[in-house]
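Hi,

Here's the structure I promised to pass on. Have a look at it, then read on for what turned up.

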Amino acid sequence: MSLTNPHLKFASQAVAKPYFVFALMLFVGQILFGLIMGLQYVVGDFLFPLIPFNVARMVHTNLLIVWLLFGFMGAAYYLIPEEADRELHSPKLALLLFWVFAIAGVLTILGYLLVPYAGLAKLTGNELLPTMGREFLEQPTITKAGIVVVALGFLYNIGMTLLKGRKTAISMVMMTGLIGLAVFFLFSFYNPENLARDKYYWWWVVHLWVEGVWELIMGSMLAFVLIKITGVDREVIEKWLYVIIAMALITGIIGTGHHFFWIGAPGVWLWLGSIFSAMEPLPFFAMVLFAFNMVNRRRREHPNRAAALWAIGTTVTAFLGAGVWGFLHTLAPVNYYTHGSQITAAHGHLAFYGAYAMIVMTMISYAMPRLRGIGEAPDARAQTVEVWGFWLMTLSMMAITLFLTAAGVVQVWLQRLPADGAAMSFMNTMDQLAVFFWLRLVAGVLFFIGLGCYLFSFRQRGRLPVAAAVTA
Ligand code: HEM
Ligand code: HEM
Ligand SMILES: [Fe+2]
């Protein structure tokens, strides 16, 4: 590894780059499979039997989770040395784990695509410790074990860096979030036969990730980038960060109850889930105020305008997707009608994109020019293309959300509201929604073009000094 990239404070931060690059490659794959499903929604036989809908869905959502994990790890490898004010404990381990995770990830996706799922379960010895078959956690048990190994090595590496270095609020919050991520993943190994119990603990992974510990990771990444691009005092930024994570945990943990309404859990969850999750938009709203406040109080004009746009954009879009679209269906009397409808999908898309896809792109936007040896910021042309990518992706995702919401409202109207007997069947209802699904597909294609712009913005060639280019 080169010691001569002058744009990095510590040479070992360079390990973040392969993580970011691979994350973006998987992102492209995720969207391709999203488009395949978008088409299958309206042309039912598209690619059947080559890629059935359930397989495409699994690939789409698993690629999402895995590219976000690559993004978080890349972010940690970049951020932790800088905050700890020392080199990463072991850059070699970080690179080794990169290859382990990348190869395991690719093999798993190939397994989904090439082997029928039941066959994959057999092939990988699922009956020894059955963990397969649950949404987002479809990975063969052996892949899950691999994820745990990678996570442990990763936590050890950044943990050692932190222990030996400066401890800041940002790095401690990020570390807490990442430990939480690993700990809650362990519930993916617990798969009770009883369906109510199964769902109960499944949400400990899915919900306590996105509405708990991942918010800590997001908050710390946001705070890091805001310090860098605004030059506002660390003390001010840290106070905001503490308030945000406190609100996230206070509301998000008991807020898990909004998934316990109809699974056979005790009725008290109707109240607890509704009340606490109704407050979950607060931390997301605080992040919006935080970002705008810091940018308004900025002490410097950072040349990376695109990174500033991503930082502001992620807070606003996360607030809309998680806060507003989450609140929309989180009260039990509403959720009674909307549960598992297109409204859920609308919310899932805008929340995941706004909070986690965008915070990873914020970090990449800030760090990548340095990692590539270009400097603090890409040139004006590259930034313009990146900003086009930002708006195309973000507005298309808003459009997808609005079309799915419209589809969801009609779905509830036809299929859920009428009294028993008068309700339209699921399939007949779906037929009525076709126009929204076509529009969603169009917006999805625009999203893909936006992603293309974004990737194209990396075309500006790196300007590593000759010596660094040789050793890099
Ligand atoms: C960034 C944060 C968030 C992400 C990434 C996210 C993502 C998702 C996803 C993917 C689902 C669908 C899960 C499934 O059944 O497969 C879901 C469900 C749900 N989310 Fe969120 N969410 C977030 C925050 C919130 C917040 C803050 C609220 C409440 C204010 C909320 C309320 C709900 C509710 C009520 C459901 C269940 C919908 C149903 O019954 O079908 N979410 N979320
Ligand atoms: C841009 C084109 C995209 C299209 C056409 C698309 C389409 C789809 C479709 C058809 C489904 C399955 C819904 C169902 O089961 O009925 C799905 C699920 C999902 N997609 Fe996408 N998607 C796209 C992009 C994205 C992006 C950018 C994200 C997040 C960053 C995302 C996150 C998800 C999630 C979390 C689910 C599971 C939702 C749930 O359980 O409710 N998708 N997508
Ligand atoms: Fe939730």
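Let's start with His 60, which is buried: its relative accessible area is 12%, and the cut-off for buried is under 20%. Bear in mind that this is a predicted model. His 349 is partly exposed instead, with a relative accessible area of 28%.

What do these two histidines do around ligand 2? Both coordinate its iron atom through NE2, at 2.0 Å. They come from distant parts of the chain, 289 residues apart: His 60 sits in helix 2 (residues 53-84) and His 349 in helix 13. The arrangement around the iron atom of ligand 2 is octahedral, because its 6 donor atoms subtend angles of 86 to 178°.

Now for ligand 1. It has 25 residues around it, and the closest are Glu 135, His 339, Gly 340, Thr 344 and His 347.

- Glu 135 has a side-chain N or O atom 2.6 Å from an oxygen atom of ligand 1.
- Thr 344 puts a polar side-chain atom 2.7 Å from an oxygen atom of ligand 1.
- His 347 has a side-chain N or O atom 2.8 Å from a nitrogen atom of ligand 1.

As for the rest of that shell, it splits into 10 nonpolar, 12 polar and 3 charged residues, counting every residue in it. Helices 7 (195-230), 10 (281-296), 11 (305-328) and 13 (342-371) each supply at least two of its residues. Which helix gives the most? That's helix 13, with 7 residues.

Cheers

Key. Residues are numbered from 1 along each chain as its sequence is written. Chains are lettered from A and ligands numbered from 1 in the order in which they are written. This is a predicted model: local features need pLDDT of at least 70, side-chain atom pairs count only at pLDDT 80 or more; totals for chains, interfaces and linings use all residues. Side-chain values use heavy atoms; hydrogens and water are left out. A residue is near a molecule or strand if one of its heavy atoms lies within 4 Å of it. A polar contact is a pair of N or O atoms within 3.5 Å; within protein, one must be able to donate a hydrogen and the other to accept it, and residues adjacent in sequence count only if both atoms are side-chain atoms. Helices (H or I, at least four residues) and strands (E, at least two) are DSSP runs, numbered from the N terminus. Ala, Val, Leu, Ile, Met, Phe, Trp, Tyr, Cys and Pro count as nonpolar, Asp, Glu, Lys and Arg as charged, and the others, Gly among them, as polar. Donors are N, O and S atoms within 2.8 Å of the metal (3.2 Å for Na, K and Ca); water is not among the atoms, so sites may look incomplete. Four donors count as tetrahedral if all angles lie between 85 and 135 degrees; four count as square planar and six as octahedral if opposite donors are over 155 degrees apart and all others between 65 and 115; anything else is irregular. Buried means under 20% relative accessible area, exposed over 50%, partly exposed in between (1.4 Å probe, protein chains only).
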